[in-house]
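Please look at the sequence and the structure shown here, and keep both in view while reading this short report on charged side chains and their surroundings.

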Amino acid sequence: MNRDRSLEELEDDRWPAPSADATRLAATTHALRRKPIGSLTVEDTRLLIKQNQGLHHLLPPALEGSYGWIR
């Protein structure tokens with residue numbers, strides 16, 4: 001898996017910009033979908049998984065400990 005690519009790139013699913021009245025959670029989720037998955041923190045990954053985003057790409061390495069933060 002190419003960890004230099006974002007969920008948007010991997011899923012070929014680009015969301016429109018969040019509205020001005022979007023919740024902080026929605027805005028954060030939107031921003032994290034644009035971040036390369038190799039640069040996601042533990043908290044970023046937890047938030048995306050909890051929001052059911054990118055599970056196909058995030059769960060396998062998380063369960064294998066490939067992110068380096070699971071030992």
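## A network of salt bridges

Which residues are linked in a network of salt bridges? In this predicted model, the network links Glu-11, Asp-13 and Arg-33. Within it, the side chains of Asp-13 and Arg-33 meet in a salt bridge, with a distance of 3.9 Å from N to O. This pair links distant parts of the chain, since Asp-13 lies in the loop between helix 1 (7–11) and helix 2, whereas Arg-33 belongs to helix 2, and the two are 20 residues apart.

## Other salt bridges

The structure holds 6 salt bridges, and among them is the one between Asp-12 and Arg-14, whose closest N and O atoms are 3.6 Å apart. Asp-12 is exposed, its relative accessible area being 63%.

Another salt bridge joins Asp-44 to Lys-35, and here the closest N and O atoms are 2.9 Å apart. Asp-44 counts as buried because its relative accessible area is 13%, which is under the 20% cut-off, whereas Lys-35 is partly exposed, with a value of 26%.

## A histidine in helix 2

His-30 is found in helix 2, which covers residues 24–33, and this residue is buried, with a relative accessible area of 7%. Leaving aside residues up to four places away in sequence, His-30 touches Trp-15, Pro-16, Ala-17 and Pro-18.

Definitions and conventions: Residues numbered from 1 in each chain as written. Predicted model: local features only at pLDDT ≥ 70, side-chain atom pairs only at ≥ 80, totals over all residues. Heavy atoms only, no water. Helix = DSSP H or I, 4+ residues; strand = E, 2+ residues; numbered from the N terminus. Buried < 20%, exposed > 50% of the residue type's maximum accessible area, 1.4 Å probe, protein only. Contact = heavy atoms within 4.5 Å. Salt bridge = Lys/Arg side-chain N within 4 Å of Asp/Glu carboxyl O.
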